[in-house]
Amino acid sequence: MIEIKNVHANIEGKEILKGLNLTVNAGEVHAIMGPNGAGKSTLASILAGREEYEVTQGSITFEGEDLLELDTEERAHAGLFLAFQYPVEIPGVSNVNFLRTAINETRDAKGEEPISAKDFMALVREKSKIVELDSKLASRAVNEGFSGGEKKRNEIFQMAMLNPKLAVLDETDSGLDIDALRIVAKGVNSLKSSDNASIVITHYQRLLDYIVPDYVHVLYDGKIVKTGNKDLALELEEKGYDWIKEETQVG
Amino acid sequence: MNEVITQTKFDILRKRLSPTLLPISKVSKEKAEDLLATSDFPTRKNEAWKYTNVNGLNKLLLNGESSDLTKPNSITKSAEKVYIINGQVSKDQSDVSGIKTLWGELPELHTEDSFDALNLLYCTAGIELTFEETENKTVELVFENTTNSAVFPRIFIQCNKGAKGTVILNFQGAEKNASFINVSTYVDVEENANLSIHKIQKNGPETYDLQREYVNQAANSVFTINTFPLSGRMTRNDLVINVNGSNCETFMNGAYTLKGKSHCDNHTTVDHKVAHCYSKELYKGVIDDRATNVFNGKVFVRKDAQKINAFQSNANILLSETGSVNSKPELEIYADDVKCSHGSTTGQLDDEAVFYLRSRGLSEKSAKELLVKAFLGEVLEEVENEEVSSYVEEQIEKHFSA
């Protein structure tokens, strides 16, 4: 699905990623954990194509294509989805209207016909249930006046509507109470299939009680320094990140 | 003996204009002549024209060259219509009650404005609309400008006691039109009357359009004016509203889309002379390329005009690095028990919002268009006439697809 090879990335001249390697196959859930400043959000940003970040070395291949050559919207058309850590409020732009444009531009890029109004509304009804998002909320202006939990549920709702191959969840658990967390995780789990994959970026182990990863990677100082299964997350929860730092420095 | 003859820019301009064929009184004619003899084009030193330079008027050829207009041009289906083609009232359209285009004598010149004086001396059409007490009707004046000419209509709108009226002033310029449009509109809103004006300025790319509206509101009246400068080389609107009676409501909305070398200047004045009134003003626009925008909004609250609520807001989005905006709100308040506010903002589109939309699959162009439509949508929500708001919305879409 995606192969990230020896990626180095800068922001404002400062190197954040220092040779990151990661391969994710269809059907897998990978968790990326790490202390603040390790480069977690930078990873999400370069995957989505934020222009402030510069990839100086390495390659990213997504479904056989050179991801770094694609514009942000082309990455979306190819099946990449980023759930934002801080979803943006966009007054005056209706959530469903913009999603319809998004779906149709994606279809257009693939040479498909636009979705009919009827099919689209049926899809809205079906997918909003997954994250228990009130249909009124779905029609309101994008994230405007939404609570923290509603914003994150809206991210997963959008993900469900767009049906991506690879979803990158950037600290989706931040700012969520336990009920919202459960709903968000339930949404993610219900979208899981053997054809798609997710990268779950998180600081805390908590989310991984609900979204069970196949692999847990520890990102530290711009590189993946340790990989394990879900037990690694529990170990990190218990011991913190210091032992990783020490281990890395010794190594 | 040598006599120094100085020729003003008005003198140069006037040589190329044909004096009006409409009857004007001797007094008005003399007053207008005097005004023009003692004035010249405004310059930067004139505070009200600091950012708007009209010297280009003398470069307009006004040579009658024509280009095509995309049809149909009327915005409404059922409204009574008057067509004014290249400044002249189209005769077979004007025989409707409440619409007067034939004059024994045009009303006197009341102002000291040199462009108003010019409008009178070279007036190409005089149109009076009257709304009677029992009526609730809509009249659309369609100005089709296909040849490069002087279009100088003088419009009088009389909304009688208790009447409800809607007027659409629809200026449509041809594809390559380079006309000089100069409009004076006098509006009288009587007690308990409710008048709405929707003004669309969809002018040709080289057209200069200088307009002024003088509005008087009597007690318990409601007046709304929505202004949409959508295209043209230069657009200047001077809107002056005198709120002379108590318990009035006044709404001023504007949305503008500027690109290329367009220049747009909206000067508005609302003068609260008496107590217990409400006014609300919202002007928003987007500025692309090398276009320039000026907004100047004055609100006066006179000494005894207590319990006034007056709100004013102007917001601009610059879509290019070469566009510019000069926005100046001016509140002058002489009463002490009032609630007034004003705000002015100029910024770029929110990059984070553009990125968010693109990350969902929208092209950069669609993302920006969606954000601009949402930004201007706040103004369109204020427009009660759906034919007008959907027309303007369509024009905003076209503005982006062009």
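How many other C-beta atoms lie within 10 Å of Asn247(B)? In this predicted model, the count comes to 16, so Asn247(B) is partly exposed. Its backbone is worth a look too: Asn247(B) isn't a glycine, yet its phi is positive, at about 60°. As for where it sits, Asn247(B) belongs to the loop that links β13 (234–243) and β14 (249–258) of chain B.

Chain A has an asparagine to set beside it. Asn143(A), again a residue other than glycine, has a positive phi near 60°. Its place is the loop between β8 (141–142) and α6 (148–162) of chain A. Asn143(A) has 23 other C-beta atoms within 10 Å, and because the cut-off for burial is 20 or more, it counts as buried.

Leaving aside residues up to four places away in sequence, Val168(A) touches Ala44(A), Leu47(A), Phe81(A), Leu82(A), Ala83(A), Ile199(A) and Ile201(A). In soluble globular proteins, nonpolar side chains tend to be buried together.

Then there's the contact between the chains, made up of 20 residues from chain A and 18 residues from chain B. On the side of chain B that touches chain A, the elements giving two or more residues are α4 (351–359) and α5 (364–380) of chain B. Sorted by class, that side of chain B holds nine nonpolar, five polar and four charged residues.

Note on methods. Residues are numbered from 1 along each chain as its sequence is written. Chains are lettered from A and ligands numbered from 1 in the order in which they are written. This is a predicted model: local features need pLDDT of at least 70, side-chain atom pairs count only at pLDDT 80 or more; totals for chains, interfaces and linings use all residues. Two residues are in contact if their C-beta atoms, placed from the backbone, lie within 7 Å. Helices (H or I, at least four residues) and strands (E, at least two) are DSSP runs, numbered from the N terminus. Ala, Val, Leu, Ile, Met, Phe, Trp, Tyr, Cys and Pro count as nonpolar, Asp, Glu, Lys and Arg as charged, and the others, Gly among them, as polar. A residue is buried if 20 or more other C-beta atoms lie within 10 Å of its own, exposed if 12 or fewer, and partly exposed in between; C-beta atoms are placed from the backbone.
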